[in-house]
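Let's go through this one by question and answer. Have a look at the model first.

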Amino acid sequence: MDKSKPKYHDIIVGFSDLTLGISMVVAVLIGVGLGYGLRWLFGVSWLLWVGVFFGVAAAILNVYKAYKHQQKELGELANDPKYRYQKPSDDDDEDED
């Protein structure tokens, strides 16, 4: 067992991935709720769509942040010597004549 990782590392990573989907839904719902509240408060119907727009924009921002985080983790993995691609040497070619 690898001592450098916490005991529940895989579960925590799974929950981290799950929270992206939940945060997208919550961002859109909060935006719709704020838009509906503004429409009710001021009586202007297009304020609902402003709230929807901000909710969708917040969801897209969450996806972008998750993408950048994943890209950073994969970049660190690419620099790991275990996973570097090594070209086969020319000495391995036996069928050349």
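**Pockets and a helix**

By class, the second largest pocket is lined by 1 nonpolar, 2 polar and 2 charged residues (Ala, Val, Leu, Ile, Met, Phe, Trp, Tyr, Cys and Pro count as nonpolar, Asp, Glu, Lys and Arg as charged, the others, Gly among them, as polar). This is a predicted model, with local features needing pLDDT of at least 70 and side-chain atom pairs pLDDT 80 or more, while totals for chains, interfaces and linings use all residues. Residues are numbered from 1 along each chain as its sequence is written, and side-chain values use heavy atoms, leaving out hydrogens and water.

Q: Which residues line the second largest pocket?
A: That pocket holds about 200 Å³ of space. Its lining takes two or more residues from each of α1 and α2. The names are Lys5, His9, Val13, Gln70 and Glu73.

Q: How many residues does α1 give to the lining of the largest pocket?
A: The largest pocket has a volume of about 260 Å³, and its lining divides into 3 nonpolar, 6 polar and 2 charged residues. Among the lining residues are Val13, Ser16 and Asp17. α1 gives the most, and its count is 6 residues.

Q: What do the buried residues of α1 pack against?
A: Ala27, Gly31 and Gly35 are buried in α1 (under 20% relative accessible area with a 1.4 Å probe, protein chains only). The helix covers residues 9–42 and reaches 48 Å from its first C-alpha to its last. Its buried residues pack against α2.

Note on methods. Helix = DSSP H or I, 4+ residues; strand = E, 2+ residues; numbered from the N terminus. Expected span 1.5 Å × (residues − 1). Buried < 20%, exposed > 50% of the residue type's maximum accessible area, 1.4 Å probe, protein only. Contact = heavy atoms within 4.5 Å. 1 Å grid on protein atoms, 1.4 Å probe; cavity = no way out; pocket = protein on both sides within 12 Å on 5 of 7 lines; lining within 4 Å. Points joined across faces, edges and corners; volume = space filled by probe spheres on them.
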